[in-house]
Amino acid sequence: MRYLPHSPHDIQHMLKTIGVEDVEELFRSIPRDQRTEKPDESPGLPECQLRRYIEGLSSKNKVFCVMLASAGAPFHAVPKAVETIIGRSEFQTAYTPYQPEVSQGTLQAVFEFQTIVTELMGLDVSNASLYDGASAVGEALLLALRVHKGKRRSVWVSEGLHPHAQTVIRTMLHAFGEVEIRWLPLDGKTGATLLPGPVTSDVAAVAVGYPNFLGVVEDVAAVAVAARQGGALSIVSVSDPSHLAVLASPGQLGVDIAVGEGMGISGTGGMGGPGLGLMAVRDEYVKQMPGRIVGQTVDSRGNPGYVLTLATREQHIRREKATSNICSNQALVALAFTVHMSLLGPSGLKDMAVLSRNRAMELRRGLLEIPGVCELVSGPVMNEFALVFPKNAEGLRAHMADNGIFFGVPLGRFYPDKPEYKEAILLSATETACRDDISHTILLAKEFYREGK
Amino acid sequence: MTTHIHSGLLHREPPIFELSSPGRTGHALPAPENLDCEGLPGHFLREKAPGLPELSEVEVVRHFVRLSQWNHCIETGMYPLGSCTMKYNPKINDAMSGLAGFTATHPLQEDEFVQGSLELMYQLESALCRVSGFHSVTLQPSAGANGEFTGLALIKKAIDLRGQGARRKKVLIPDTAHGTNPASVVLNGFEPVLIVTGPEGVLLPDAVRPHLNDELAAIMVTNPNTLGIFESHLKEISELVHGAGGYVYMDGANFNAIMGKVRPADLGVDTMHFNLHKTFATPHGGGGPGAGPVGCTEELAPYLPVPRVLRTNEGRYRLVSELPNTIGRVHPFFGNFSILVRAFTYIMENGGSGLKKVTEMAVLNANYVRSLLKDTLTVSVDVDTLHEVVFTDRDLKKETHVSTMDVAKRLLDFGFHPPTVYFPLIVPGAFMVEPTETESRIEIENFVETVKTIISEARTDPEKVIGAPYRTGVGRLDETTAARKRILRWTPPQP
């Protein structure tokens, strides 16, 4: 085995030094009757066959030339330099920075990540990242419940969050127990979250998507005001951080906790992950933050340096009173995010957001020219929108797939009990699509319906 | 420009924001044709651009390459972090996870368009079942701690469905458990109850007996435990817990010590998480992404997160979400997929025989460290250990005032990453060494000689050890100031 640097002579020497006869004797503390009766002795594959096998699996997946879906997993154009940096052994094969004197690279990069996230979100403090955007909403709700010290036991959560995120939240809060989730429906006409009335005194937090799952940019400022008036915290979940070059930052809108999914920027969203959970909060909630946080300090020689800090919130110190059980972050994904954001700068991020929106608006405009195609909801959007097709939306998607185009996500899959969503498709475009891709797609759709399919 | 040079080729690299200058950019996006955001109300728009740095690609790449050079990593040298486990990460695994068929597929593509990914997940689940003896495995949890949450959620679901949720709330946790365990228990609405390990470093049935009643939800045992000792009574304890209507959770973080030797399901374990980086050689990335798949018995399988991957009679794969008793989801898609590809590649390269050999060499290496150092340092509990060995600074501190932390920091001057220190908490000044199977005899001997040198320094020149490190890019860092001053982001220097 090429990863085992032991010669037969080494093994003999080591066994002798230890004072045992053979390797088996090293396992004598495991009672005989607890050992595996018939260990799996199957051989491994040499690299050439291994490569053929795994490459064979990957080739059974279809790679689309044109990606017109986000639905929680946006694809952006990520420069090769990002992959090069995160592929460096020093970042990729390092452990959590428990010994800061030999981990300054990771620590400074996380400090820069935290700075970028607070800038984007317009809030005071970011952590070193969480697993993904969905669990980040769950963690934000738990944070709000802790802030209210158990006095408020319900949360209002918009049905405009990604349906899978809704399930993650339900799983997390159900497990935690004694928390009531009130799901806020979307307005059938605008697609924005409907508040049932003033936020009541039992509510710890109100959480909405920004933009929401249907792509609608909601009036987050109004939600933040309503939450504040009811004494609750406001939470927004940012589906694509590139939007924040154009859209008002959550902080500007008066939001208390902003979370989001960053894998579109880090370029790790193939098959949906590794994700990148972003979280930023107002300063007064820092002690209730889950996850790792990096802080600046000085070393024994008076130079600046970085360490993991505020550990008294964490599981290894606080045990069962910790703010979360999380003991890692998505460090390498956060690094990819930081490198990409640094390459883009403010102008590049804005170009990305605006290009994505231009492409999406061209697509929407073109498709709306087809007789019978209409918007599902009327609210303002960034680069994601839902259209209702006159018939056979599935046939249209299959036709597009034959032409190498991943033509959005059918909403009926997520809402089987809503007949109005049956022929609706959630579409999106980013800068990865060029104008020709968009016009070709529109042409294909027009032909499809002209031929009466 | 000498201010930016620390020594030799090591750079003193400022925060990236200080390298920024207006008008530079490192991207190659075309200029947008249409800059106005028609259709978006004015008050929805951003007032002030986010303060991102402005640099060319060359400058960005140099900045991060320079930062990288401040890091120790497994490819620089040995990383004997006990219980954290840092073994070599094979290159072929990275290459396979980077294949376009995996990286360029949208997670919501129809089953027919991701057959390769579904087959990989199905086969990885099967391989993990084979090596652990469990009936089913979910790959969704993003890390070990997320796996703990998931496994306990399965138990909670089973208890709730029996109508005992209001009463069965106690989860027994031995004092040798991982730090995340109590927090994971609380996140499931359970109450942790600490139980004490016996004098020989293993949990005895008598420690469990007083808790065998209708309030018992589960026991959560790390096996081998954080002293590196196999919990030889676990099978009997499992029977006792099951007899009282409770469940057995095994923290499988240390599964790398018994893989191919013991199948946890055979010990009566109901559910367990794996840490793919610890056992199956996936990279740790400076803190993540990890992956914490969870295995469980047939009884708990109906509660696993959805979607599940099923294999049809025609040899096709499909996702199924309609399981009435599922706990739901712990990830929006399939977990940290690129990590799963790496672990699967590793398993296929090793085969069952290779995985067993990996375990044997890991245990051989740890015991070699132990036998070479047992007369220099004090072994915490003098019984057989497997993949790691825990020393204590009890005697050293009495004799010299030099502590575990000082020895750890001094190791940095010799180019070694220190072992895990001050964990487990039950060992005073713990110094927990886990070399893993990928270190050679010579590398281990070098490490041991270095430790001996430092211990002899502690006797002859203790101040030297206490003042370490000297040769690292930064000196010992002041963690108290960090917590007090709370500088958690870069801010522009005040004019």
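Reader: What separates the centres of domain 1 of chain B and domain 2 of chain B, taken over C-alpha atoms?

Author: In this predicted model, those two centres in chain B are 30 Å apart, taken over C-alpha atoms. Domain 1 of chain B covers 92–349 and domain 2 of chain B covers 354–481.

Reader: How many residues does each domain of chain B bring to the contact?

Author: Domain 1 of chain B brings 19 residues, and domain 2 of chain B brings 19 residues. On the domain 1 side you'd find nine nonpolar, seven polar and three charged residues.

Reader: What about chain A: where are its domain bounds?

Author: Domain 1 of chain A comes in two pieces, 66–73 + 346–450, while domain 2 of chain A is 80–339. Their centres lie 29 Å apart over C-alpha atoms. The contact there takes 21 residues from domain 1 of chain A and 23 residues from domain 2 of chain A.

Reader: Which element gives the most to the domain 1 side of that contact in chain A?

Author: That's H11(A), with six residues. Helix H11 (331–368) and strand E12 (384–388) of chain A are the elements giving two or more residues to that side. By class, the side has 14 nonpolar, five polar and two charged residues.

Reader: Why is A:Leu310 called buried?

Author: Count its neighbours: A:Leu310 has 20 C-beta neighbours inside 10 Å. The cut-off for buried is 20 or more, so A:Leu310 counts as buried.

Reader: Which residues does the cis peptide bond with omega of about -15° join?

Author: A:Tyr210 and A:Pro211. A:Pro211 is in the loop between strand E5 (203–210) and helix H8 (220–229) of chain A. In chain B, the bond from B:Gly288 to B:Pro289 is cis, with omega near 5°. B:Pro289 lies in the loop between helix H9 (276–280) and strand E9 (294–296) of chain B. Most peptide bonds are trans.

Notes:
Residues numbered from 1 in each chain as written. Chains lettered and ligands numbered in written order. Predicted model: local features only at pLDDT ≥ 70, side-chain atom pairs only at ≥ 80, totals over all residues. Helix = DSSP H or I, 4+ residues; strand = E, 2+ residues; numbered from the N terminus. Buried ≥ 20, exposed ≤ 12 C-beta atoms within 10 Å, placed from the backbone. Domains from an automatic or database assignment. Contact = placed C-beta atoms within 7 Å. Nonpolar A, V, L, I, M, F, W, Y, C, P; charged D, E, K, R; others polar.
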